Amino acid sequence: MRPYDIEERYLRTGQVAARAGVNIQTLRYYERRGLIAEPRRSSGGHRAYPPETVALIKVIKAAQALGFTLEEVAELLEAGRRGHPTPDLRERAKAKLAEIDRKIADLDTMRDALGRVVAARCTSLTHCACPDCPLPYAELAAEAPGPVAPVAG
């Protein structure tokens, strides 16, 4: 194989990053994490990635967009590399859906509470003067014990 053959068939770091829509630091980070294979080196010592690296990075970014962490993505990629079908992706996707549903419920609760704060025209977290203040500060302050006496030492 002539030295330039590797450069004709393979992509350099900047090319992979541009085609995959990531920056070079992300590409190198994925490499360090083992998400993508360490590339060959050209005769000049440059990283030479196979073209399929672009597709793999796009898959990683798509999985992240679905809410999977890089650790979860790494585990799913490893399961896929074993070469036989596993229920990992489907089960993890179901778990991720449940997690997202919980987050949406929490966000709905937060949205409702903030709507009550806006509707009541609250002005302060600790000294709100609105008549129907939904903030719990006044109630919590009434429940709090008095000042703690210093311990003699």
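Helices in these notes are DSSP runs of H or I with at least four residues, numbered from the N terminus. I am working from a predicted model, and I keep that in mind throughout.

**Entry 1: the end of α6.** I looked up what comes after α6 and found Arg121, whose phi is positive, near 65 degrees. I then checked the length of the helix: α6 has 33 residues and reaches 48 Å from its first C-alpha to its last, close to the 48 Å expected at 1.5 Å a residue.

**Entry 2: α5.** Just after α5 I noted Gly83, which takes a positive phi of about 85 degrees. Which residues of α5 are buried? I listed Leu70, Val73, Leu76, Leu77 and Ala79, and I found that what covers them includes α3, α4 and α6.

**Entry 3: the core.** I turned next to the largest nonpolar core, which has 19 residues, and noted that Val16, Tyr30, Leu35, Ile36, Ile57, Ile60 and Val73 touch the most other members. The elements that give two or more residues to this core are α2 (13–20), α3 (24–33), α4 (52–65) and α5 (70–81). I followed Leu35 in particular and, leaving out residues up to four places away in sequence, found that Leu35 touches Tyr30, Leu56, Ile60, Leu70, Val73, Ala74, Leu77 and Arg81.

**Entry 4: α2 against α3.** Two packed helices are described by the angle between their axes and the distance between the axes, and I looked up both values. For α2 and α3 the angle is about 100 degrees and the axes are 9 Å apart; since 65 to 115 degrees counts as roughly perpendicular, I therefore wrote the two helices down as roughly perpendicular to each other. On the α2 side the contact is made by Thr13, Gly14, Val16 and Ala17, and on the α3 side by Ile24, Leu27 and Arg28. Sorting the contact of α2 with α3 by class, I noted four nonpolar, two polar and one charged residues.

Note on methods:
Residues numbered from 1 in each chain as written. Predicted model: local features only at pLDDT ≥ 70, side-chain atom pairs only at ≥ 80, totals over all residues. Heavy atoms only, no water. Core = buried A, V, L, I, M, F, W, Y, C linked by side-chain atoms within 4.5 Å. Buried < 20%, exposed > 50% of the residue type's maximum accessible area, 1.4 Å probe, protein only. Contact = heavy atoms within 4.5 Å. Expected span 1.5 Å × (residues − 1). Axes fitted to C-alpha atoms, helices over the stretch in contact; angles between N-to-C directions. Parallel < 35°, antiparallel > 145°, perpendicular 65-115°, else oblique. Nonpolar A, V, L, I, M, F, W, Y, C, P; charged D, E, K, R; others polar.
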